[in-house]
Amino acid sequence: MTWEDVQIFTLQKMFELQGDVLEQSDATTPYILSMPHVANEGLQRLATVGRFVLRPYEIVQPGTEAGMLRYDLAGLTDDFFQFDEQEIYFEGSGRYGRTSDFSIEAESTLVLPGAKAGLWRVYYRAYPREITKETPKDYELALHPEMAVLLPLYMASQLYKDDDVGMATGWRNEFEIGLTALIEANRSKQYGREEIENTSGWW
């Protein structure tokens, strides 16, 4: 879903737009100008409470260091929110799979044994990209589809509070119900095999 799609769907919810083309008018412009702030509020809730957006970060170690090595992903990336400890993988010595051979310090620092050679693929939970007044209309929101469809509900509920609190409350309730469903689905996420052993030499 693009940023323009979100704006259109939000205005349609509020009965301020009849067609499917984003048009600025005396009626819609005040809402459009206020959209970035409320969009960011909704994005934060969806991406940090609902279904997490995972991004990969790879760490390669030669295995020649003594002691423990520390990698602060808050400094190494620009959108780190938190680790998903079930989504850290190790590849080396002919094996690949989820690993527990790590520690986490101060929420954002991954601690690995320096003497262990191989590749760690870390999937971290990411903050959403901030929406601003300069965000292009064709920007694709980095959200799962089931998250993106909830964003116009949140935005409409915030933008329409002064116009009709009853309608705004209804949209907010719909958003919260959808968010709860995302949380429950995220809790029941299934994982694959713990480890795969290379017996054929194909990697």
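1. Let's start with T135. In this predicted model, T135 counts as buried, because its relative accessibility is 9% and the cut-off for buried is under 20%. You'll find T135 in the loop between β7 (118-126) and α4 (145-148). Its side chain reaches the backbone nitrogen of T132 at 2.9 Å. If you skip the neighbours within four places in sequence, T135 is in contact with W3 and E130.

2. Now have a look at another threonine, T77. Is T77 buried or exposed? It's buried, with a relative accessible area of 13%. T77 sits in the loop that runs between α3 (73-76) and β3 (80-92). Its side chain reaches back to the backbone oxygen of L73 at 2.7 Å. A polar atom of that T77 side chain also lies 3.4 Å from the backbone nitrogen of F80. Setting aside neighbours within four places in sequence, T77 touches Y57 and Y124, in the sense of being in contact with them.

3. F80 and Y124 turn up again when you go through the aromatic rings. How many aromatic pairs does a search of the whole structure find? Ten. One of them is F80 with Y124: the ring centres are 5.7 Å apart and the planes meet at 40 degrees, so the pair is tilted. F80 belongs to strand β3 and Y124 to strand β7, so this pair ties together parts that are 44 residues apart in sequence. F80 counts as buried at 10% relative accessibility, and Y124 is buried too, with a relative accessible area of 4%.

4. Y89 is buried, at a relative accessible area of 14%, whereas Y123 counts as partly exposed at 24%.

5. F15, Y160 and W171 are joined into a cluster by ring pairs. R125 lies over the face of F52, at 3.9 Å from the ring centre. R129 lies over the face of Y139, and there the distance to the ring centre is 4.1 Å.

6. Last point: helix α2. It covers residues 29-50, so 22 residues, and reaches 30 Å from its first C-alpha to its last, close to the 32 Å expected at 1.5 Å a residue. Where in α2 is the kink? Look at M35, shortly before the proline P36: the kink there is about 45 degrees.

Terms used:
Residues are numbered from 1 along each chain as its sequence is written. This is a predicted model: local features need pLDDT of at least 70, side-chain atom pairs count only at pLDDT 80 or more; totals for chains, interfaces and linings use all residues. Side-chain values use heavy atoms; hydrogens and water are left out. Helices (H or I, at least four residues) and strands (E, at least two) are DSSP runs, numbered from the N terminus. Buried means under 20% relative accessible area, exposed over 50%, partly exposed in between (1.4 Å probe, protein chains only). A polar contact is a pair of N or O atoms within 3.5 Å; within protein, one must be able to donate a hydrogen and the other to accept it, and residues adjacent in sequence count only if both atoms are side-chain atoms. Contact means heavy atoms within 4.5 Å. The expected span of a helix is 1.5 Å times one less than its number of residues. The bend at a residue is the angle between axes fitted to the seven residues ending there and the seven starting there. Rings of Phe, Tyr and Trp (its six-membered ring) pair if their centres lie within 6.5 Å; planes under 30 degrees apart count as stacked, over 60 as edge-to-face and the rest as tilted. A charge sits over a ring if NZ of Lys or CZ of Arg is within 6 Å of the ring centre and within 35 degrees of the ring normal.
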